[in-house]
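Welcome! Please take a look at the sequence and structure first.

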Amino acid sequence: MEGLVSNWSSTARTLPKSYIFPPEKRPGQLNFPLDKTIPVIDLSNYDHDPTSTIEQILKAGQEYGIFQVINHGVSKELVDETMKVFEEFHAMPAKDKARECSKDPNKISCRLYTSSENFPTEELHYWRDALVHPCHPLDEHMQFWPQNPIRYREIVGKYTVEVRKLANKILELIIQGLGLSPGYFSGELSENPVVLVNHYPPCPEPSLTLGLAKHSDPSLITILLQGNVPGLQVSKDGQWVVVEPLPHAFIVNIGYILQVISNGKLKGVEHRVVTNSSVPRTTASLFIYPSNDSLIKPAATLADASNNPPLYRAFQYKDFRSYYVSNRADAKKVHEFVDRYNS
Ligand code: OGA
Ligand code: NI
């Protein structure tokens, strides 16, 4: 495992060369505008007005590719406890983190890395450390998760159960909005949820580097807990804008897989992470991924040859995923892959 950024960042006065992005990719400025238009959807309205909640979600997925949800059913206490445990994990000494993440000999159920999984071969590094582990079925993976901080498994176990329920609820509303058959995304299309705990330490020169380069997620949907420190930006009308941190809210990102299945009715948005010089930032993504062998294609009812031709081809998830990783999430390349037979 390569040296974690958090292990040396506090004494760095300047950035090592390998963290300095070329001018066109740097954030440059630091005062990006706060976006106030990304929809914030109150899920507690569903009970008395399901139709309007479904409409809001569909509209947000069509027009923005990202939205926030509040009153979502995951308790504030659990959100706070989970964030605390994630922050405590990343605050541990590097050797303890390495030890806590080396319990799985197959390196599937828990991994710790810095920058990206391509660290050894990438030209430029990102200013982040990452802890990643699948979370379903729990009893298969949890035995390999960290046991320190002491309540990690208990709290993160509960959290993943609750956030998966939330993801399923949102997917069920999307199903209704798109007119797909109930349970369309159950089973293999959502079988492989994974937790990614990002940690971006304070950075001496935030205008020169990124915590994460621009990308859209390779998931069905992603449920992100961004906490209280801003840093996530989305591309809107050719400009980067800041997604406002809202206490206890979750950010929902539409992933490429939902874009394909919905035949472009819902679309993901490119986003990136900038760093700051004053406070550490910890976030947690719960990616809803299909199983590797599942076949991804536009839903038959949303793609009929005459009125609504399929915009995307059929492919196996694992082929998409390895293409996405080897092309470093480049949106143009990803579109070539999914669109290939229609372009
Ligand atoms: C991601 C992501 C945003 C953040 O993990 O895919 O976009 O704010 N994270 O950490
Ligand atoms: Ni993302």
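This is a predicted model: local features need pLDDT of at least 70, side-chain atom pairs count only at pLDDT 80 or more; totals for chains, interfaces and linings use all residues.

**A first look around**

Pro134 sits opposite Val194 in strand 6.

**Strand 5 and its neighbours**
- Strand 6 covers residues 194-200 and runs antiparallel to strand 5, with six bridges joining the two.
- Strand 4, made of residues 111-114, is also antiparallel to strand 5, and four bridges join this pair.
- Thr114 has Asp129 of strand 5 as its bridge partner.
- Strand 5 spans residues 129-134, and six of its six residues are buried.
- In a regular strand, side chains alternate between the two faces of the sheet.
- Here both faces of strand 5 are covered: one side carries Asp129, Leu131 and His133, the other Ala130, Val132 and Pro134, and all are buried.

**The nickel site**
- Three residues supply the protein donors of the nickel ion (ligand 2): His215 through NE2, Asp217 through OD and His271 through NE2, lying 2.1 Å from the ion.
- Along the sequence, these donor residues follow the spacing H-x1-D-x53-H.
- His215 and Asp217 are both buried.

**The cysteines**
- Searching the whole structure turns up zero disulfides.
- Cys101 is in no disulfide: its nearest cysteine sulfur belongs to Cys110 and is 3.9 Å away, whereas a disulfide needs the two sulfur atoms within 2.5 Å.
- Cys101 has a relative accessible area of 9%, so it counts as buried.
- Cys203 is buried too, because its relative accessibility is 1%.

Conventions. Residues are numbered from 1 along each chain as its sequence is written. Chains are lettered from A and ligands numbered from 1 in the order in which they are written. Side-chain values use heavy atoms; hydrogens and water are left out. Donors are N, O and S atoms within 2.8 Å of the metal (3.2 Å for Na, K and Ca); water is not among the atoms, so sites may look incomplete. Buried means under 20% relative accessible area, exposed over 50%, partly exposed in between (1.4 Å probe, protein chains only). Two strands pair if DSSP finds at least two bridges between them.
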